[in-house]
Amino acid sequence: METMTVERVIDAPIEDVFAWLTTTTHYTRSPLILRCRLARHGESAPYGVGAVRNHLWLIGWFRERITSYDPPYATEYVVERSWPPSRHELGRMTFTEVDGGTRVRWTTRAEIPVPLLGTLLTRRLARPVITRTFRNILDTANTALTAPPRVPGA
């Protein structure tokens, strides 16, 4: 299993950052994300515990289930199914108020389940692709949350 972590400070209130990043349909604003759909609502909130999300990214398809939801500080998920196949133990986003906005820490723990080569493939192939995708989503969130408001007719 390989642990992958990406961090970013977004110059926006913690509540706004949490809401944007846990509503994964926003991810389609990133050029690396093709489709995100909420397949089942969570218990206490649409993207709360028990919610099921289906994502089609350039790197594959993922069915995720939310396992923890603590607004606006943390959310966790597990990938139940994916293509290409992967083993996934943890997905976690934490949100912390800091000078300059909100620090987001996105961690996942996964591997490509291929005998003998899985560890190497995970480290050399999956890790850079997954971390790049996470960074791209965080960049997209930063742009969406910090862009000046659009003035109609201007």
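**Figure 1. The whole chain, seen through its contacts and overall fold.** Residues 24 or more positions apart supply 49% of the contacts in the protein that have a separation of 6 or more, a contact being heavy atoms within 4.5 Å. This is a predicted model, in which local features need pLDDT of at least 70 and side-chain atom pairs count only at pLDDT 80 or more, while totals for chains, interfaces and linings use all residues. Residues are numbered from 1 along each chain as its sequence is written, and side-chain values use heavy atoms, with hydrogens and water left out. The protein has two helices and seven strands, and along the sequence they follow the pattern β-α-β-β-β-β-β-β-α. Its radius of gyration is 16 Å, close to the 15 Å that the globule rule gives for 154 residues, so the protein is as compact as a globular protein of that length. That radius is taken over C-alpha atoms, and the globule rule is 2.2 Å times the number of residues to the power 0.38. Along its principal axes, the C-alpha trace spans about 55 × 35 × 30 Å. Helices (H or I, at least four residues) and strands (E, at least two) are DSSP runs, numbered from the N terminus.

Figure 2. The protein has a mean pLDDT of 92, and 97% of its residues reach 70 or more.

Figure 3. Of the 154 residues in the protein, 44% are buried; buried means under 20% relative accessible area, exposed over 50%, and partly exposed in between (1.4 Å probe, protein chains only). A nonpolar core is a set of buried Ala, Val, Leu, Ile, Met, Phe, Trp, Tyr and Cys residues joined through side-chain atoms within 4.5 Å. The largest one here holds 33 residues, and Leu21, Tyr27, Trp57, Phe95 and Trp106 have the most contacts inside it. Elements giving two or more residues to this core include strand 1 (2-10), helix 1 (14-22), strand 6 (87-98) and helix 2 (118-146). Helix 2 gives the most, with six residues. What does Leu21 touch beyond four places away in sequence? Its partners are Ile10, Tyr27, Met93, Phe95, Val104, Ile137, Leu138 and Ala141. In soluble globular proteins, nonpolar side chains tend to be buried together.

Figure 4. The whole structure contains seven aromatic pairs. Rings of Phe, Tyr and Trp (its six-membered ring) pair if their centres lie within 6.5 Å; planes under 30 degrees apart count as stacked, over 60 as edge-to-face and the rest as tilted. Ring pairs join Trp20, Tyr27, Trp57, Phe62, Trp106 and Phe134 into a cluster. In another view, Arg53 lies over the face of Tyr77, 5.0 Å from the ring centre. For a charge to sit over a ring, NZ of Lys or CZ of Arg must be within 6 Å of the ring centre and within 35 degrees of the ring normal.

- Leu90, in strand 6, is buried at a relative accessible area of 19%.
- Gly101, in strand 7, counts as buried at 18% relative accessibility.
- Thr140, in helix 2, counts as buried at 13% relative accessibility.

**Figure 5. Backbone details in the loops.** Most residues other than glycine have a negative phi, and most peptide bonds are trans. Pro71 and Pro72 are joined by a cis peptide bond, with omega about -5°, and Pro72 lies in the loop between strand 4 and strand 5. The bond from Trp83 to Pro84 is also cis, with omega near 0°; Pro84 is in the loop between strand 5 and strand 6. Leu116, in the loop between strand 7 and helix 2, has a positive phi of about 70° although it is not a glycine. Is Leu116 buried or exposed? At 89% relative accessibility, Leu116 counts as exposed.

Conventions. pLDDT is the predictor's confidence in each residue, from 0 to 100.
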